[in-house]
Amino acid sequence: MAKAKSNTLKLNFDTSWSYAPAPENKSAATIKKQYDLFINGDWVKPSGNKYFDTINPANEEKLSEVADANMADVDAAVKAARNAYEKIWKKMPAKERGKYIFRIARMIQEKARELAIIESLDGGKPIRESRDFDVPTAANHFFYYAGWADKLDYAFPNRLSEPLGVAGQIIPWNFPLLMAAWKIAPAIATGNTVVLKPAETTSLTALKLAEIIQESGLPEGVVNIVTGAGATGAAIVNHPDINKIAFTGSTEVGKIIQRAIAGTNKKATLELGGKAANIIFEDAPIDQAVEGVINGIFFNQGHVCCSGSWLYVQESVAKEVIRKLKDRIESLIVGDPLDKNTDIGAINSRQQLETIDKYLNIGKKEGAEMYQSSCSLPGKGFWCRPTLFTNVAQSNRIAQEEIFGPVLAILTFRTDDEVIEKANNSPYGLSAGVWTDKGSKIFNMTRRMRAGVVWANTFNKFDPSSPFGGYKESGFGREGGLHGLLPYLNLIN
Ligand code: ADP
């Protein structure tokens, strides 16, 4: 596809062909030079007057500077959220609350193009992903939870429910806008107010969302967005007037948060790391499975905690699957995230690239065989070629730990029992995938796999109506669907 060679034509120009560049127009998005904090419906300067740069990981150019919120700023945001909760939001008829949330959903749709461009500029993901997945799914979450706002009696029949109060929400860099929607929509639909902190490398779409929220006329203080790094997150976690912490990020920080809130009345939902096993049985439609594996790990640069980065292939078809995977990664287009042809964009940050490189070295040292696409990489920015490891042992670190990059570790198995035991032998349990022609095998596998989501003959499919969340070190609590309402409510009587 991308680089098929022409053997017959003898022309005066390069005979290899590829897609002509099809870049999305950067000027369709407005990024301010500097962003303040969104507190109580207004833009407020950080009290320490500190800002940090946010850069484009595809070329390392500065995009904007973002306020660094300290404890006093977080305190102001929590006070605004508390005030809005007590005086307005919890008293407002649920149907009215729903109308605001519907409005935010519609406004995200109206500004979808701009949001997608900014997501790709700030985070490095291909515009195809941000345009076709992140932004529409974010809007869908607001639509979905707007619908629930006045129907909680149907969600929990014969139970009376009440909101928790102020929710502190901390999100990572892999799905900046979508994670903000995952967190904010169910919280405010159930009558809570919010202080949200985006990740320090990807604050811009959350700040754009703040602009949308301001324009929507949502009462002041219902949603507050503060930017900063770990210290700002810790200030939210430790604030005494917060009732609920919702966190998505690393298992390491999840554990710090759990320790910090132990012994307090704060409730928590933690969505942590993952290492998703994708299992191809010999009876699977192989081409479809190969494409599903590629989609599950490479189209998102492996930047998804449920990326299918751990592939088990039944021995009898392993050779064929590996050959097809190698062919397919050779055709993946790596480059400008804003180009509509790009399959794999930039790695989100230098630090993340260093982590990926560290694991590539570990994989080689452990004796696995590495295969990388021969594509050329841009000179500036943070890039990683799509990579396969074969001859991987179950105990290898690349098979056990979360890499968060376009790196696939391939292992083989012979029997169902063997693969279940191997795939469940992980500290994580967020998601898994099964590829087989047999419905009975799908049911058998999904029952025995210790993973929050098991996809069958597909991968990485999300819908606001279906719950998501993990087992073991992948965290606890469910987000999405009816299940996603419960962590924001007290059920009384
Ligand atoms: P990742 O490895 O995905 O970047 P992190 O857990 O480091 O995950 O970060 C996820 C989010 O948690 C980010 O918004 C980050 O700023 C925030 N964070 C980092 N350290 C802390 C902390 N000690 N307390 C609260 N939030 C934190």
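Helix H3 passes helix H4 in a right-handed crossing, and that is where I would like to start, with the reminder that everything I describe today comes from a predicted model. The two helices, H3 covering residues 112-123 and H4 covering residues 127-148, have axes that come within 8 Å and cross at roughly 125°, which means that H3 is oblique to H4. On the H3 side the contact is made by Ala112, Leu115, Ala116, Ile117, Glu119 and Ser120, and on the H4 side by Ile127, Ser130, Arg131, Asp134 and Val135. Sorted by class, that contact of H3 with H4 holds 6 nonpolar, 2 polar and 3 charged residues.

H11 has 16 residues, and from its first C-alpha to its last it reaches 23 Å, which is close to the 22 Å expected at 1.5 Å a residue. Which residues of H11 are buried? They are Val317, Ala318, Val321, Ile322, Lys324, Leu325, Arg328 and Ile329, and you will notice that Lys324 and Arg328 are on that list. What covers these buried residues includes helix H10, at 286-297, together with the strands E12 at 277-280, E13 at 310-314, E14 at 369-372, E15 at 387-390 and E16 at 407-413.

The axes of H10 and H11 come within 10 Å and cross at roughly 50°, so the two helices are oblique to each other, and H10 passes H11 in a right-handed crossing. H10 brings Ile286, Asp287, Val290, Glu291, Val293 and Ile294 to the contact, while H11 brings Val317, Glu320, Val321, Lys324, Leu325, Arg328 and Ile329. The residues of this contact divide into 8 nonpolar, no polar and 5 charged.

The crossing of H14 and H15 is right-handed, and the contact is made by Asp416, Asp417, Val419, Ile420 and Asn424 of H14 and by Lys441, Met445 and Arg448 of H15. By class, the contact of H14 with H15 has 3 nonpolar, 1 polar and 4 charged residues.

I will finish with individual residues in loops. Asn40, which sits in the loop between strand E2 (37-39) and strand E3 (42-44), has a positive phi of about 55° although it is not a glycine. Phe404, in the loop between helix H13 (397-400) and E16, likewise is not a glycine and has a positive phi, in this case of about 60°. Is each of these side by side with solvent, or buried? Asn40 has a relative accessibility of 34% and therefore counts as partly exposed, whereas Phe404, at 14%, counts as buried.

Leaving aside neighbours within four places in sequence, Ala393 is in contact with Ala399 and Leu411. Ala393 and Ala409 are 16 residues apart in sequence, and their C-alpha atoms lie 9.3 Å apart in space.

Key. Residues are numbered from 1 along each chain as its sequence is written. This is a predicted model: local features need pLDDT of at least 70, side-chain atom pairs count only at pLDDT 80 or more; totals for chains, interfaces and linings use all residues. Side-chain values use heavy atoms; hydrogens and water are left out. Axes are lines fitted to C-alpha atoms, for helices over the stretch in contact, and angles run from 0 to 180 degrees between N-to-C directions. Helices (H or I, at least four residues) and strands (E, at least two) are DSSP runs, numbered from the N terminus. Angles under 35 degrees count as roughly parallel, over 145 as roughly antiparallel, 65 to 115 as roughly perpendicular and the rest as oblique. A crossing is left-handed if the near helix is turned anticlockwise from the far one by less than a right angle, and right-handed if clockwise. Contact means heavy atoms within 4.5 Å. Ala, Val, Leu, Ile, Met, Phe, Trp, Tyr, Cys and Pro count as nonpolar, Asp, Glu, Lys and Arg as charged, and the others, Gly among them, as polar. The expected span of a helix is 1.5 Å times one less than its number of residues. Buried means under 20% relative accessible area, exposed over 50%, partly exposed in between (1.4 Å probe, protein chains only).
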